[in-house]
Amino acid sequence: MAFDGIVVADLVHEFRNQLIGGRIAKIAQPETDELLLTIKTTDGQRRLLISADASLPLVYLTDANKPAPMTAPNFCMLLRKHIGGGRIVDIRQPKLERIIHFTIEHLDELGDLCRKELIVEIMGKHSNIIFCTSDGKIIDSIKHVSAQMSSVREVLPGREYFIPDTMHKADPLTVDADTFTGLLKEKPMPVSKAVYTSFTGISPVTAEEICHLAGVDSALPAKEYSEDILFHLYTQFTIYLSAIKEGRFTPAIYYDGREPKEFAALPLDHLDGYECREYPSISEVLSTFYSTRSLLTRIRQKSADLRHIVQTALERNRKKYDLQLRQLKDTENREKFRIYGELINAYGYNVEEGARKLDALNYYTNKMVSIPLDPTKTPQENAQRYFAKYNKQKRTFEALSELSKETLEDINYLESVQTALDIALTEEDLAQIREELAGAGYIRRRFTKKKVRIKNEPLHYISSDGYHIYVGKNNLQNEELTFHFASGNDWWFHAKQAPGSHVIVKSNGDELPDRTFEEAGRLAAYYSSMRGSDKVEIDYVQKKHVKKPNGAKPGFVVYYTNYSLVIDSDISGIASCLSN
């Protein structure tokens, strides 16, 4: 995710279209490093959120309001005094820097018309909101930066404002071919890194896209390429960035399933493995992306305790299973001991007293065997010793066969819960998984006076042919979908020998098109532990052939006749009903 100069250019383009001429009606400072400006324009009211938070600096238009503190901070009061009621007359971006200048016209104390600059710097931990006079003198800033904090630039009242040029980057919108190739060739690093370290506003993902469009290997240094290839790279560079000058932005978010992975203001064709969803504005992109990412981050944090419980139980069961398999391997010779006992009983009358072995014909294989004997024991006692060994190993084998089967079922169950935690998108999903683990005895159930039923729906998709597809998000949902929701002629899908979701396609009694089978298979692959694989084997069968063994854990089923398909886990083209 790159909040680069191109995204800022799109924001400036959007702001110029919507905010120029608007009057600042309200100024609030909801957080320490955040401003919320309410701007009245001829087309209605707009809210501009500006955050200089070190962990998540942002600026975009939003419909959401935020409560302001009862007592406004000093910086907020200063802005209200100077530019409250002021008119925005210009919005610009220097070069392709992650900086936005808002020029605001207002009346001073004497009633004279004057201008001020509100400068927003989106630069990671160095982000700031700086209020300046028209001639570049700092009046104040939301963060003060002293000489002790930075040897490059002070941001304090009375200081001159300037953009620190610590990286000595060139302007990508005005660079010529010779300068471009010269800058790249002097850097002994991959060409994509040379691109984003040489020019302002270019992020690593944008540099990768430019290399992709030019058809060059981004991992090789520029000196490995000829002048012609570098000129071709420069041509693609200028063509790609020409959209900024012409205002041709295509704001979009790139999704991996339901998780947003990247956003951009210009196309990123090299991210062809993700689903691209375009939005009407870059502000909507930023709002959607960060709210969704924030939700997913919060869910992962809330699921940490459940993940720890499941992982601990899984590691314990895997160690136990390995030990059981080793012990089972030790019982592989049990039949040999039984045969030894039988052969001693059959041929023991020939054994001399004190003999250490018996050579006898194994009548099961028609081959001679040499049987070790204890010279202090009689043939009958040696035979009983071998029978005792056989019976002990037989009992061990029978007990361990059952125990190892149960342990393997526990491992498969816990792996399915791990997959469910990866799929979880809401707190209701986590609550249902917690309830499931409590029912299985892995955690202590939380007792309440009144039992609250968790309302949680499965994922819902529509196939390209219009058929409804449902995906269970955990074992309880899988069981509900398969044995209570689906009818006999509906189709059931699941990744073969891998933990994952049950996928149900409502057939309505129709013969499903091949494309619907493929899309349901992709969903079963994506919502499994095989997510991201190019080839996933999927079992599918009509629901009436799926059975649940007595006493089996939630979500565990058996089926004896099925079809199979091998497919990828790309679900980008499948329509999702997000309301469910």
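How are α4 and α5 oriented to each other? Before I answer, a reminder that this is a predicted model. Now the two helices. Helix α4 covers residues 191-198 and helix α5 covers residues 204-214. Their axes come within 8 Å and cross at roughly 125°. Angles over 145 degrees would count as roughly antiparallel, and 65 to 115 as roughly perpendicular. α4 and α5 are therefore oblique to each other. The crossing in which α4 passes α5 is right-handed.

If you want to see the contact itself, look on the α4 side for Val 191, Ser 192, Val 195 and Tyr 196. They meet Pro 204, Ala 207, Glu 208 and Cys 211 of α5. Of these, Cys 211 counts as buried, because its relative accessibility is 1%.

Next, a second pair of helices. α3 runs over residues 177-185 and α6 over residues 227-246. Here the axes are 10 Å apart and the packing angle is about 115°. That makes α3 roughly perpendicular to α6. This crossing, too, is right-handed. From α3, the residues in contact are Ala 177, Phe 180, Thr 181, Leu 184 and Lys 185. On the α6 side they meet Glu 227, Leu 230, Phe 231, Leu 233, Tyr 234 and Phe 237.

The largest nonpolar core has 87 residues. Those with the most contacts inside this core are Phe 3, Leu 11, Phe 15 and Leu 48. Another core, of 29 residues, lies apart from it, and includes Leu 296, Leu 425, Val 471 and Val 505. Going back to Phe 3, its partners beyond four places in sequence include Val 8, Leu 11, Ile 122, Phe 263 and Tyr 290.

Is Ile 39 buried or exposed? Ile 39 is buried, because its relative accessible area is 0%. Leaving out residues up to four places away in sequence, Ile 39 touches Leu 19, Ile 24, Leu 48 and Ile 88, among others. For a sense of distance, take Glu 480, which is 441 residues from Ile 39 in sequence. Between their C-alpha atoms there are 51 Å.

Most residues other than glycine have a negative phi. Asn 366 is not a glycine, yet its phi is positive, about 65°. Look for Asn 366 in the loop between β13 (357-362) and β14 (367-372). With a relative accessible area of 62%, Asn 366 is exposed.

Where is Gln 497 placed? Gln 497 is in the loop between β17 (491-495) and β18 (503-505). Its phi is also positive, about 50°, and again the residue is not a glycine. Gln 497 counts as exposed, because its relative accessibility is 78%.

That is the end of my part. Questions are welcome.

How values were computed: Residues are numbered from 1 along each chain as its sequence is written. This is a predicted model: local features need pLDDT of at least 70, side-chain atom pairs count only at pLDDT 80 or more; totals for chains, interfaces and linings use all residues. Side-chain values use heavy atoms; hydrogens and water are left out. A nonpolar core is a set of buried Ala, Val, Leu, Ile, Met, Phe, Trp, Tyr and Cys residues joined through side-chain atoms within 4.5 Å. Buried means under 20% relative accessible area, exposed over 50%, partly exposed in between (1.4 Å probe, protein chains only). Contact means heavy atoms within 4.5 Å. Axes are lines fitted to C-alpha atoms, for helices over the stretch in contact, and angles run from 0 to 180 degrees between N-to-C directions. Helices (H or I, at least four residues) and strands (E, at least two) are DSSP runs, numbered from the N terminus. Angles under 35 degrees count as roughly parallel, over 145 as roughly antiparallel, 65 to 115 as roughly perpendicular and the rest as oblique. A crossing is left-handed if the near helix is turned anticlockwise from the far one by less than a right angle, and right-handed if clockwise.
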